[in-house]
Amino acid sequence: MDQLEGQPVIAADGGLRLCRELGLHPKLLIGDLDTVSQAEVDETAARGTEIKKYPTNKNESDLELAILAAKSLGADRMTLLGALGGQWDHCLVNLLAPLSLCHRLGIWARLLTATCEIYLLTPGSYDVSLPPDTRISLAALSQEVKGVSLDGFHYPLAGESLFRHQTRGLANQLTSPKGTITIESGDLLLTVVRWIDSSAT
């Protein structure tokens with residue numbers, strides 16, 4: 001979490017508890033606040049956190065409200081924590097919608113979990129610098145992602161297509177400290193898996 005030190009933090013409802021676990025103090029607590037107690041809200045407000053409470057019956061999720069609030073504060077980079085925990089329907093929607101919303105708003109974003117980082121890749125070229133044994137997976141969000149090239153990977157591609165109904169992009173690895181991913185059209189999810197060695201803890 002060193003990369004997050006000194007950065008503004010926004011807690012979306014129950015994300016307040018995750019902030020507490022990580023030692024992060026939110027600038028803003030936002031949402032319908034149905035998963036935090038009034039005591040928790042009062043405590044963080046007393047520490048200077050701004051509170052924005054919304055009705056339960058709303059069109060946006062608490063996370064979407066948090067992203068929109070971050071944009072209004074001038075954010076151009078965002079790390080989303082705790083978005084993939086909890087109920088499966090929330091997990092599925094949070095895997096897809098927030099990264100797409102951030103891209104639409106012009107915000108660089110990633111989903112971060114205890115074991116992986118997830119990015120949305122749109123048409124363009126991307127340099128990937130990671131240890132050679134790092135597991136990297138690509139999943140097509142579009143029905144067809146065209147012109148996918150992978151250089152410096154164990155399983156290279158040269159201008160090929162990845163399809164949503166296939167698993168061809170699963171479990172690849174770099175063969176050198178730096179690789180390149182190029183996409184001509186379509187959207188991909190890039191997952192970088194960072195294994196935690198429980199024997200070392």
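Which residues in helix 3 meet which residues in helix 4? In this predicted model, Leu63, Glu64 and Ile67 of helix 3 meet Asn94, Pro98, Leu101 and Cys102 of helix 4.

## Helix 3 and helix 4

Helix 3 covers residues 62-72, and helix 4 covers residues 88-104. Their axes lie 10 Å apart. The packing angle is about 15 degrees. Angles under 35 degrees count as roughly parallel, so helix 3 is roughly parallel to helix 4. The crossing of helix 3 and helix 4 is right-handed.

Now look again at the residues that meet. On the helix 3 side they are Leu63, Glu64 and Ile67. Sorted by class, the contact of helix 3 with helix 4 has 5 nonpolar residues, 1 polar and 1 charged.

## What helix 3 buries

Several residues of helix 3 are buried: Asp62, Leu63, Leu65, Ala66, Ile67, Ala69 and Ala70. What do the buried residues of helix 3 pack against? Their partners are strand 1, strand 2, strand 4 (77-81) and helix 4.

Follow the chain just past the end of helix 3. There, Gly74 has a positive phi of about 95 degrees.

Strand 2 spans residues 28-31 and pairs with strand 1 over 3 bridges. Two pairs of residues can be picked out. Ala11 stands opposite Leu29 in strand 2, and Ala12 stands opposite Ile30. In general, strands of a sheet pair through backbone hydrogen bonds.

Is strand 2 covered on one face or both? Both faces are covered. Leu28 and Ile30 are buried on one side, while Leu29 and Gly31 are buried on the other. As a rule, side chains in a regular strand alternate between the two faces of the sheet.

## Helix 1 and helix 2

Another helix pair is formed by helix 1 (residues 15-22) and helix 2 (residues 38-46). Their axes come within 11 Å. They cross at roughly 55 degrees, so helix 1 and helix 2 are oblique to each other. This crossing is left-handed.

Who meets whom here? Helix 1 brings Leu16, Arg17 and Arg20, and helix 2 brings Glu40, Glu43 and Thr44. By class, this contact of helix 1 with helix 2 has 4 charged residues, 1 nonpolar and 1 polar.

Strand 7 runs antiparallel to strand 12 (residues 178-183), and 6 bridges join them.

Key
Residues are numbered from 1 along each chain as its sequence is written. This is a predicted model: local features need pLDDT of at least 70, side-chain atom pairs count only at pLDDT 80 or more; totals for chains, interfaces and linings use all residues. Side-chain values use heavy atoms; hydrogens and water are left out. Axes are lines fitted to C-alpha atoms, for helices over the stretch in contact, and angles run from 0 to 180 degrees between N-to-C directions. Helices (H or I, at least four residues) and strands (E, at least two) are DSSP runs, numbered from the N terminus. Angles under 35 degrees count as roughly parallel, over 145 as roughly antiparallel, 65 to 115 as roughly perpendicular and the rest as oblique. A crossing is left-handed if the near helix is turned anticlockwise from the far one by less than a right angle, and right-handed if clockwise. Contact means heavy atoms within 4.5 Å. Ala, Val, Leu, Ile, Met, Phe, Trp, Tyr, Cys and Pro count as nonpolar, Asp, Glu, Lys and Arg as charged, and the others, Gly among them, as polar. Two strands pair if DSSP finds at least two bridges between them. Buried means under 20% relative accessible area, exposed over 50%, partly exposed in between (1.4 Å probe, protein chains only).
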